[in-house]
Amino acid sequence: MPSSAPLPPAPASPSPATTSGRRSGTADAPRVQRRTFLSGTAAVGGAFAVTAAGVSPALAAEPVRAGGTRGAGPVTVRPNDRRYADLRRGTNQRWVGSPQKIVLAETTADVVAAVQRAVDSGRRLAVRSGGHCYEDFTTSQDIEIVLDLSRMDDVSYDRRRRAFSVQPGAPLGRIYDRLYKGWGVYLPAGNCPTVAAGGHIQGGGYGSMSRRDGLAVDHLYGIEIVVVRADGTARTVVATREPDDPHRELWWAHTGGGGGNFGVVTRYWLRSPGATGTDPAAQLPTPPREVWLSEVAWPWERLSEARFTRLMRNHGDWHTRHSGPDSPYTALFSQLKTFHRSAGAVVLDSLVDAGAPDAEGMLRRYVAAVGEGLGIRPQVRQYRRMPWLHATQWPGFTGPDPTIRFKGKSVYARRTYADAHIAAAYRHLTRDDFGNPGALLMIASYGGAVNRVAPDATAVPQRDSVLKYQVVSLWDDAADDAANVGWVRECYRDMFAATGGVPVPNGTTDGCFVNYADVDLADPRWNSSGVPWHELYYKDGYRRLQRVKAAWDPTGFFRHAQSVRHV
């Protein structure tokens, strides 16, 4: 049970201002559910092996197949196969496809062959790595073939390229485990250990250490990708960030351009800019040895609208002050989870690099600053120091239960919340006609090292934000789809009513995150801003992405509801 004891007293220091449901119920009969994807009241949030390097990247570290042979061809699953029910869907149970077949590739050659057969037969193909898509991009009913990359999960070191080689099906938990145990390094990527590298890296990739070490794409050296030429021939291309690489624009498009747009990435090479020498341990950042973890909660029964408003202002103002690239607080990351009132509490989960100067003091001051002036002592549910690798599995930050349904809509924030944002959020979080404890605003710390990178250096143009968050709901039963999707849409629309129902780029907000895909952005019922969906994701970089699309996918073979269109 959570403790009601406060955090240990903060050491003397300057003030924060001067330091750098099973069913969504109703008010009449709410059903409150505790799920593992909601830490505390709630919190949304492989064996080690070293592969030989120095061989051709496309052939390195091919796994032994299920039948015990190499190169015997991919596994193909059709509707009469007992595995089909699992493989026709991903993590979001709202979406279930009906493809003619699912091809589980294990090598780049498998991918080339599968793509070529789809092109030759005129069949619609979609590519899936981890299956965490928010929308139906890999399950829509016109998709006839799903190319599943989950068995392409090697993590190794490529001495010839002086970079780590990661295949797209490798989940983040596996990547962290292998990089750290093998070489003592890591990639500053996402918090959910089951998300795969494939779509995550292409969309930008951020997580709890990004304020300290940047986005995953800031460490992307190159890609191996299967593309389709104008004559319908599938082929493999390597593109890197080297200034003289003739394919450099193709590399750039995969530093935030989103998945399913240009081809099938079969390998990522990771090496930090400026890394020197030949020692693998010097090619990527090192993670903290240990971190402090904290979870505190403010009960809804004591949060009046005035207190909720004060908490939100405290939180937003703190991040506005402490999210510069050189702030000592880049060692700290948190998620503020303002759950619907039926969940019982608003939760703040925090992590800080224990090796940073005065790390524990920073954490205490941060929690105190968020709760300042509320007149409420928060419940302390967790407060402990842990080794970094173990902390990557902490439920406070891990992703959703793969048996549930969800809908989310994203926001980049350049500064603290506007009063209208807070008022609309409060209104929807306390609605009496909706009672799902899995509905919330999930607000992540952002900025820091992310904002050292120029907006056009990668395909992620949002490089001066301080918060990144989503209006999201998670639920079990398909019968509750309309209520939950409606709540998300209405809360988001009302928060940004002054800008057409979406967070348009302006002085306060800066658009949306492509990896939290949201087809409503293209629907005038929910986006009346006049700003198209692609500008909310990519801003002015969309025209550049269109040129890459025209050059590398001239037939438009790779597409989905929000894929990059031809010029």
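**His566**

I looked up His566 and found a relative accessible area of 35%, so His566 is partly exposed, since that class lies between 20% and 50%. The model is a predicted one, and I read every entry here with that in mind. His566 sits in the segment after helix H13, which covers residues 542–552. I then listed what His566 touches, leaving aside residues up to four places away in sequence: Gln546, Lys549, Ala550, Asp553, Pro554, Thr555 and Gly556.

**Strands S5 and S6**

I turned next to strand S5 (155–158) and strand S6 (163–166). The two pair in the antiparallel sense, and I noted 4 bridges. Val155 of the pair stands opposite Val166 in S6. On S5, I found Val155 and Tyr157 pointing one way, with Ser156 and Asp158 pointing the other way. All four of these residues are buried. The hairpin has 4 residues between the strands, and in it Arg162 takes a positive phi near 55 degrees.

**Helix H3**

I checked the length of helix H3, residues 172–183. Its 12 residues should span 16 Å at 1.5 Å a residue, and I found its end C-alpha atoms 16 Å apart, which agrees. How many of its residues are buried? I noted 9 of the 12, so I wrote H3 down as mostly covered, buried being under 20% relative accessible area. Among them are Leu172, Ile175, Leu179 and Trp183, and the list also includes Arg174, Asp177 and Arg178. The buried residues of H3 pack against S5, S6, helix H4 (197–202) and helix H9 (388–391). After H3 comes Gly184, for which I recorded a positive phi near 75 degrees.

**Aromatic pairs**

I found 28 aromatic pairs in the structure.

I then looked at Phe308 and Tyr426, whose pair is tilted, at 5.5 Å centre to centre and with 50 degrees between the planes. Phe308 belongs to helix H7 (residues 305–321) and Tyr426 to helix H10 (residues 419–429), so the pair ties together parts that are 118 residues apart in sequence. Phe308 and Tyr426 are both buried.

I also noted a cluster in which ring pairs link Tyr134, Tyr206, Phe406, Tyr412, Tyr446, Phe513 and Tyr516.

**The sheet of 7 strands**

In what order do the strands of the open sheet of 7 strands stand? I read S13-S10-S12-S11-S15-S16-S14, with antiparallel pairing. The edges are strand S13 (379–387) and strand S14 (405–413), each of which pairs on one side only. Neighbouring strands of the sheet are turned by 15 degrees against each other on average, direction ignored.

I looked at one pairing within the sheet, where strand S15 (residues 439–445) runs antiparallel to strand S16 (residues 467–475) and 7 bridges join them. Ile443 stands opposite Tyr469 in S16.

Two helices on the sheet went into the notes. Helix H8 (residues 359–371) packs on the sheet and touches strand S10 (290–299), strand S11 (332–339), strand S12 (345–353) and S13. The direction of H8 makes about 155 degrees with that of S12. Helix H11 (residues 481–495) also packs on the sheet, touching S14, S15 and S16, and its direction makes about 155 degrees with that of S16.

**Helix H11 and the cysteines**

I checked the length of H11: its 15 residues reach 21 Å from first C-alpha to last, close to the 21 Å expected at 1.5 Å a residue. The buried residues of H11 include Val485, Trp487, Val488, Cys491, Tyr492 and Met495. I asked what covers them, and the answer includes S14, H10, S15 and S16.

Cys491 has 0% relative accessibility and therefore counts as buried. Cys192 counts as buried too, because its relative accessibility is 11%. I searched the whole structure for disulfides and found 0.

Conventions. Residues are numbered from 1 along each chain as its sequence is written. This is a predicted model: local features need pLDDT of at least 70, side-chain atom pairs count only at pLDDT 80 or more; totals for chains, interfaces and linings use all residues. Side-chain values use heavy atoms; hydrogens and water are left out. The expected span of a helix is 1.5 Å times one less than its number of residues. Buried means under 20% relative accessible area, exposed over 50%, partly exposed in between (1.4 Å probe, protein chains only). Contact means heavy atoms within 4.5 Å. Two strands pair if DSSP finds at least two bridges between them. Axes are lines fitted to C-alpha atoms, for helices over the stretch in contact, and angles run from 0 to 180 degrees between N-to-C directions. A disulfide is a pair of cysteine sulfur atoms within 2.5 Å. Rings of Phe, Tyr and Trp (its six-membered ring) pair if their centres lie within 6.5 Å; planes under 30 degrees apart count as stacked, over 60 as edge-to-face and the rest as tilted.
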